[in-house]
Amino acid sequence: MKHRAQKFQRSIVFLLKIFLYFVLFSIFFLLFSIDYPYILKLSRTAAITMVTFVVLGTALLSVYGGYAIGKQKSKPIIHSMVLATIITDLITYLEFCIMNASPANNYAFRFAAPEILLLIVVLQVIFIIIWAYVGNYIFFTMNPPEQVCIITSSKKSLNQVLPKIRKYKKQYQVKDIIDYTSEDIYLAIDRNDTVFLYDVPVRERTYLIEYCYDHMKNIYYNPEICDVVAVNAKHVVLDDKSFVSLVIKDLSFEQRFVKRMIDLLLSTLGLIISSPILIISAVAIKICDHGPVFFKQKRATKDGRIFEVYKFRTMKEHVENVSAKEDDDRITSVGKVLRKTRMDELPQIFNILKGDMSIVGPRPEMMENVLKYTRELPEFAYRLRVKAGLTGYAQIVGKYNTSPKDKLFLDLMYIENYSIWLDIKLIFQTLIVFLKTDSTEGFKEQPQIEFVKYDPSKK
């Protein structure tokens with residue numbers, strides 16, 4: 001039965017998605033039809049409102065990742081679906097209220113039954129939560145965890161990657177942990193479904209990838225600079241010779257102009273909307289310890305230009321200027337709240353207005369960290385090819401304590417894949433950060449994990 005279900009897995013997942021979207025659509029329009037029955041009849045108002053809900057909902061689900069059962073845990077799916085649905089509801093609701101202001105209905109604009117909108121959101125959120133867990137349950141019932149072999153180069157690298165993989169127990173079951181120099185490495189690969197290669201030298205990694213490809217094994221490996229460079233490469237043929245072509249380019253004049261216009265528009269709008277939060281935060285910091293409200297620090301932006309970044313002060317005065325650790329006693333009580341909600345970053349809106357930063361881009365690092373990371377990773381300087389940002393790919397999918405190397409590759413992936421549409425997607429996805437409980441996780445010691453000696457008697 002399970003084998004038969006796997007054959008129709010894509011169809012089952014597709015039907016689960018369609019049913020979810022249909023229910024969300026039905027909840028919105030059926031409940032509104034109680035007070036406004038004409039929303040279900042053939043009319044211009046009904047047609048435009050329904051098209052708005054479907055088109056906007058589809059676009060936002062694409063931006064936030066949609067109903068990604070089997071690929072993500074249930075909570076991230078819930079966060080993404082809830083955000084996409086609430087934004088769709090609000091915009092569709094406002095559009096309906098505008099359309100409703102007509103001689104046939106209302107002579108003036110007014111909010112149409114906001115209590116019904118609240119009920120709609122509550123019911124949709126409940127259904128999304130239930131359906132996320134149901135979807136993942138069905139998917140993982142059809143798909144048992146893949147048996148995994150981890151190949152790496154040191155205990156340090158192993159301790160970095162193994163805890164991450166073990167978080168996904170329903171997807172992966174770690175069977176073998178082996179050093180890439182081990183004589184038993186190919187035997188370990190043979191008896192697993194999936195191979196993770198982490199911090200394996202490129203030359204040896206190439207041989208292992210070819211072996212995995214030849215033996216139909218799923219492959220995961222961490223990128224190096226050559227992999228990032230090849231992201232946008234194209235296959236070209238000169239006469240009868242195949243080449244991989246990569247044209248190195250910077251942002252065009254048009255891209256820089258549009259990006260700057262978006263920065264000015266959104267930062268001005270953000271300043272107006274967040275002004276009450278800015279005032280309340282400033283007062284709370286002042287009352288807490290009577291110290292200065294703002295904290296200025298030298299950071300690096302495009303081409304290594306130094307500027308002063310503005311932040312709300314979250315630490316006590318006159319403390320050591322190093323990255324915060326978990327349960328850091330230098331952080332004030334108000335600072336903990338500001339850091340948890342990311343509100344300490346709000347004054348950087350002024351940096352954006354000045355042109356020091358952009359809305360989206362690599363995080364501006366402390367100068368001490370820039371010098372340290374560049375010594376350890378000379379490629380770290382590549383992040384400075386674009387203007388620093390308030391939000392970005394590394395800030396959204398990463399954490400405060402994500403390693404410098406991982407942050408680097410997330411930033412480089414953003415730079416190499418840059419487009420205005422990507423910036424818009426990342427701006428919307430920033431909202432997910434406020435729902436993540438571990439996004440502000442500080443640096444802490446991890447328990448040390450040893451290599452597991454390969455046992456050929458295991459089955």
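## Basis and overall content

The model is predicted, with local features taken only at pLDDT of at least 70 and side-chain atom pairs only at pLDDT 80 or more, while totals for chains, interfaces and linings use all residues. Residues are numbered from 1 along each chain as its sequence is written, and side-chain values use heavy atoms, with hydrogens and water left out.

The protein chain contains 16 helices and ten strands. Helices (H or I, at least four residues) and strands (E, at least two) are DSSP runs, numbered from the N terminus. Of the 459 residues in the chain, 42% are buried. Buried stands for under 20% relative accessible area, exposed for over 50%, and partly exposed for what lies in between, with a 1.4 Å probe and protein chains only. Counting contacts (heavy atoms within 4.5 Å) with a separation of 6 or more, 73% are between residues 24 or more positions apart.

## Helix α3

Helix α3 spans residues 44-64, 21 residues in total, and reaches 30 Å from its first C-alpha to its last. That is close to the expected 30 Å, where the expected span is 1.5 Å times one less than the number of residues. The buried residues of α3 are Thr45, Ala46, Thr49, Thr52, Phe53, Gly57, Leu60, Leu61, Val63 and Tyr64. Viewed down the helix axis, these buried residues of α3 fall within an arc of 145°, so they line one face; the arc is that of the directions from the axis to the C-beta atoms. An α-helix has 3.6 residues a turn, so residues three or four places apart point the same way. Exposed on the other side of α3 are Arg44, Val51, Val55, Thr58 and Ser62.

The cover over the buried residues of α3 includes α2 (9-35), α4 (74-100), α5 (114-142) and α16 (420-433). Of these, α16 has 14 residues and reaches 21 Å between its first and last C-alpha, close to the expected 20 Å. Its buried residues are Leu422, Asp423, Leu426, Gln429, Thr430, Ile432 and Val433. After α3 comes Gly65, with a positive phi near 105°.

## Thr52 in α3

Thr52 is located in helix α3. Its side chain reaches the backbone oxygen of Ile48 at 2.7 Å, a polar contact (a pair of N or O atoms within 3.5 Å; within protein, one must be able to donate a hydrogen and the other to accept it, and residues adjacent in sequence count only if both atoms are side-chain atoms). Apart from neighbours within four places in sequence, Thr52 is in contact with Gly57, Thr92 and Glu95.

None of the five residues of strand β5 (residues 234-238) is buried, so the strand lies largely in the open. Strand β5 runs antiparallel to β6 (residues 241-245), and five bridges join them; strands pair if DSSP finds at least two bridges between them. Val237 stands opposite Ser242 in β6. The hairpin of β5 and β6 has two residues between the strands, and Asp239 takes a positive phi near 60° there.

Ala300 belongs to strand β7 (residues 294-300) and is buried, at 5% relative accessible area. Leaving aside neighbours within four places in sequence, its contacts include Arg305, Phe307, Pro364, Met367 and Leu384. Ala300 and Met357 are 57 residues apart in sequence, and their C-alpha atoms are 9.8 Å apart.

Asn192 lies in the loop between α7 (185-190) and β3 and is buried, with a relative accessible area of 1%. A polar atom of the Asn192 side chain is 2.6 Å from the backbone oxygen of Ala188. Beyond residues up to four places away in sequence, Asn192 touches Gln147, Val148, Cys149, Lys175, Asp176 and Lys217.

Most residues other than glycine have a negative phi. Asp199, in the loop between β3 (194-198) and α8 (202-214), has a positive phi near 55°. Met216 also has a positive phi, of about 55°; Met216 lies in the loop between α8 and β4 (218-221) and is exposed, at 73% relative accessibility.

## Cysteines

With a disulfide taken as a pair of cysteine sulfur atoms within 2.5 Å, the count is zero. The closest cysteine sulfur to that of Cys212 is in Cys149, 8.0 Å away, too far for a bond. Cys212 is buried at 0% relative accessibility, and Cys97 is buried at a relative accessible area of 1%.
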